[in-house]
Amino acid sequence: MDPIIANFIEENIVPKFNYWIYVILMMIGLYAMITKNNLIKKLIGMAIFQTAIILFYVSIGVKEDGGIPIISHHGPDHHQETEAHSEAGSENLKHNIIDKDKYANPLPHVLMLTAIVVGVSTLGLALAISQRIHKSFGTLEEDEILNKLRPGGHD
Amino acid sequence: MTEHFPILILLVPLFGALIVVLLGRERPEQCWVTSLVSLGISSIISLFTIIVVFSDKVQTIRYRMGGWEPEANGYEVGIELRVDILAALVVFAVTFVGFVNTIYSKTRAEAEVQGKVPFFYALIQLLIVGLCGIVMTNDAFNLYVLIEITSLTSYALIAMGNRRAVLSSFNYVIMGTIGASFYLLGVGYLYIKTGTLNIDDIRMVLGNDNLWEHQSIVVAFIFIMLGVWTKMAFFPLHGWLPNAYAYAPSMTGTFMAPLMTKVMVYVMIRVMLWLFGYEFVYSGQHVWKELIIWMSVLAIVAGSLLALARTDIKKMLTYLIVAEVGYMVGGAWLGNVTGQAGAFYHILSDAAMTFCLFIAASIIVLRVGDSRVNAFDNLFRKMPLTMIGFTVGALSMIGLPPTCGFFSKWYLISGGIEAGQWEYVCALIFSSLVNAIIFFRIFERAYFGKIAGVKEDLSPSDSDANPDTGIKEVPWSMLVPLFIASGFVLLLGIMNRTLFEWIQTALEVMNT
């Protein structure tokens with residue numbers, strides 16, 4: 001491979017590949033939303049668009065060598081800790097210190113749970129609306145719908 | 001008690017919506033009363049909030065949801081609601097317009113959305129919850145969720161109309177989702193750099209770590225602005241608005257036209273001044289200030305001309321909204337307190353006058369049976385009370401004293417002169433002139449229209465018209481909201497000095 005291209009890939013694409021993926025996915029979604037004639041295809045584009053952003057958020061919470069952010073205290077230490085809660089405050093503090101580099105940042109992931117719910121309800125509502133469009137126009141192709149509106153409507 | 005006001009404003013319509021849905025199965029006739037009561041309570045609470053916030057002791061009410069206290073280093077943990085005088089004014093506008101609009105929808109709801117009346121009232125209350133939440137929340141991600149709540153409810157409300165409304169609702173879904181997603185993306189970039197979502201904390205971190213010139217922050221700002229502009233129908237991104245508001249059921253249009261875009265303008269001002277701050281937004285090294293003022297000039301001119309080209313009264317009013325959004329964006333970007341306060345005052349006055357005009361237009365379209373201006377012959381004779389309300393709104397849109405439209409334009413123009421942005425001043429004056437043409441065209445029709453048409457109008461089919469005068473007004477439930485709205489147009493105009501000083505003081509704090 002040409003060394004310039006290889007260099008470019010190594011410097012700009014490999015370390016930032018999560019951003020590249022989300023941008024590409026987003027552009028696919030945007031393209032579908034703008035150019036597709038079928039309303040359902042537009043909605044698929046919308047879903048891809050929203051999913052790209054979810055991917056972006058999830059990827060920014062990830063850390064190198066970071067695990068799932070669940071803290072388990074199931075050893076004997078834990079039981080001692082709860083018993084000795086009132087007396088040994090300093091010891092208690094020591095147990096509560098969490099090495100944040102070992103865990104992925106859970107906050108963006110939690111935010112995306114909400115965003116997924118929002119995305120699902122938007123998609124559901126949009127599908128219901130397209131069902132109503134199909135009922136009243138008999139088609140889901142945008143140009144055919146606009147043709148049907150042309151003679152009567154003064155738009 | 002007073003510290004719980006912000007959450008009560010949200011909770012009363014939220015539970016009102018749930019009750020309305022449950023009531024709808026057995027007693028659909030009680031839905032109207034229920035939502036009237038819940039929105040009435042909500043607007044009374046927001047009126048008291050203005051009083052509490054304005055009294056010197058409490059400048060800002062901060063309400064931590066779930067009682068999450070901040071961490072030891074001062075960063076917020078939970079979601080916070082924050083109400084200052086500006087937020088309190090906008091929240092009052094939202095809840096009060098909602099209340100008055102519910103009075104208006106008494107007879108229209110059954111006529112226009114048969115069989116879905118309970119759902120209509122539930123959705124409109126959820127929409128009010130979302131709008132109030134947008135204004136009050138102090139959490140950037142929570143703001144996104146609330147924007148989506150308002151969007152989802154408004155898609156559904158618009159889709160309750162005829163088949164044109166369903167189609168425009170679909171376009172609104174596509175555009176609205178793009179807008180909200182861009183906002184979310186911007187928040188993501190801010191979160192990467194600052195590690196917090198609370199608006200005050202983001203500002204603090206940006207200041208402490210001096211991140212202003214970092215590219216991520218600039219990108220975040222641009223994404224958030226693009227998202228907010230799509231939502232507020234700023235000129236090149238306005239495509240979804242005219243059809244959606246014109247074809248929606250009339251009581252939906254009267255509610256959303258005055259409020260949705262205005263609340264998003266408030267979000268823009270808030271993001272500019274609270275989140276990013278004066279120095280970042282207006283600093284000389286970014287080219288965007290000049291560019292955006294030119295874009296707003298374009299929005300004003302294009303909105304006015306597109307409105308002039310319409311003969312359908314509702315379409316015309318929706319294009320006027322596009323022009324008004326241009327006023328507010330331009331005013332906010334002038335970079336001085338007069339312009340910002342003018343833009344903020346215009347949020348309130350535009351809400352009042354758009355509400356007034358939309359109610360009047362809906363009544364006229366209902367009575368005349370035709371939405372084209374050419375059909376409005378002799379309306380002053382046929383429905384004088386409605387036309388009084390319409391005239392007040394129209395004069396305010398043109399900008400004649402003592403209506404609020406005059407004063408907001410006055411402050412915006414003085415801001416433009418202060419900033420030396422003459423193109424903006426010219427655009428405002430041009431838009432005023434175009435508005436004068438648009439509305440005097442209607443006045444001429446309605447006042448001097450074909451006199452010969454009088455006999456025609458007294459045909460036997462008009463059985464409920466007064467045989468002596470030919471006056472045929474609509475029921476009180478539609479006239480009272482119109483008069484409340486036109487009363488507010490005048491009241492805001494008369495109180496302009498006081499209001500403007502409150503707004504100015506609140507904004508000066510933010511700019512320092």
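Reply: This is a predicted model, and the questions below take up its chains and helices in turn.

Me: How many helices and strands are there in chain A?
Reply: From the N terminus on, the elements of chain A run α-α-α-α-α-α-α. Chain A therefore has, by DSSP runs, a count of 7 helices and 0 strands.

Me: What share of the residues in chain A is buried?
Reply: A residue is buried if 20 or more other C-beta atoms lie within 10 Å of its own. Chain A has 155 residues. The buried share is 18%.

Me: Among contacts in chain A between residues at least 6 apart in sequence, what share joins residues at least 24 apart?
Reply: Contact here requires C-beta atoms within 7 Å. Of the contacts in chain A between residues at least 6 apart, those joining residues at least 24 apart make up 64%.

Me: Which helix supplies the largest share of the side of chain A that touches chain B?
Reply: In all, 27 residues of chain A are in contact with 22 residues of chain B. Helix 3 (39–60) and helix 6 (106–137) of chain A each supply at least two residues of that side of chain A. By class, that side has 17 nonpolar, 8 polar and 2 charged residues. The largest share, 14 residues, comes from helix 6 of chain A.

Me: Are helix 6 of chain A and helix 6 of chain B roughly parallel or antiparallel?
Reply: Their axes are 9 Å apart, at an angle of about 160°. Angles over 145 degrees count as roughly antiparallel. So helix 6 of chain A and helix 6 of chain B are roughly antiparallel.

Me: By class, which residues make the contact of helix 6 of chain A with helix 6 of chain B?
Reply: Helix 6 of chain A passes helix 6 of chain B in a left-handed crossing. Among the residues that meet are A:Ala126, A:Ile129 and A:Ile133 in helix 6 of chain A, and B:Val166, B:Phe170 and B:Val173 in helix 6 of chain B. By class, the contact has 10 nonpolar, 5 polar and 2 charged residues.

Me: How is helix 8 of chain B oriented to helix 10 of chain B?
Reply: The axes of helix 8 (residues 215–232) and helix 10 (residues 250–276) of chain B come within 8 Å and cross at roughly 165°. The cut-off for roughly antiparallel is over 145 degrees. Helix 8 of chain B is therefore, relative to helix 10 of chain B, roughly antiparallel.

Me: Are helix 12 of chain B and helix 18 of chain B roughly parallel or antiparallel?
Reply: Helix 12 (residues 288–308) and helix 18 (residues 422–448) of chain B have axes 9 Å apart, at an angle of about 10°. Their contact includes B:Trp294 of helix 12 and B:Phe430 of helix 18. Its residues divide into 15 nonpolar, 4 polar and 1 charged. Angles under 35 degrees count as roughly parallel, so the two helices are roughly parallel.

Me: How far apart are the end C-alpha atoms of helix 17 of chain B?
Reply: Helix 17 of chain B has 16 residues, 404–419. At 1.5 Å a residue, it should span 22 Å. The model agrees, because the end C-alpha atoms are apart by 23 Å.

Me: Which residue follows helix 17 of chain B?
Reply: Buried residues of helix 17 of chain B include B:Gly415, B:Gly416 and B:Ala419. The residue that follows helix 17 has a positive phi, near 75°. That residue is B:Gly420.

Me: Is B:Phe48 buried or partly exposed?
Reply: B:Phe48 is found in helix 2 (residues 31–54) of chain B. B:Phe48 has 17 C-beta neighbours inside 10 Å. Buried takes 20 or more, so B:Phe48 counts as partly exposed.

Key. Residues are numbered from 1 along each chain as its sequence is written. Chains are lettered from A and ligands numbered from 1 in the order in which they are written. This is a predicted model: local features need pLDDT of at least 70, side-chain atom pairs count only at pLDDT 80 or more; totals for chains, interfaces and linings use all residues. Helices (H or I, at least four residues) and strands (E, at least two) are DSSP runs, numbered from the N terminus. The expected span of a helix is 1.5 Å times one less than its number of residues. A residue is buried if 20 or more other C-beta atoms lie within 10 Å of its own, exposed if 12 or fewer, and partly exposed in between; C-beta atoms are placed from the backbone. Two residues are in contact if their C-beta atoms, placed from the backbone, lie within 7 Å. Axes are lines fitted to C-alpha atoms, for helices over the stretch in contact, and angles run from 0 to 180 degrees between N-to-C directions. Angles under 35 degrees count as roughly parallel, over 145 as roughly antiparallel, 65 to 115 as roughly perpendicular and the rest as oblique. Ala, Val, Leu, Ile, Met, Phe, Trp, Tyr, Cys and Pro count as nonpolar, Asp, Glu, Lys and Arg as charged, and the others, Gly among them, as polar. A crossing is left-handed if the near helix is turned anticlockwise from the far one by less than a right angle, and right-handed if clockwise.
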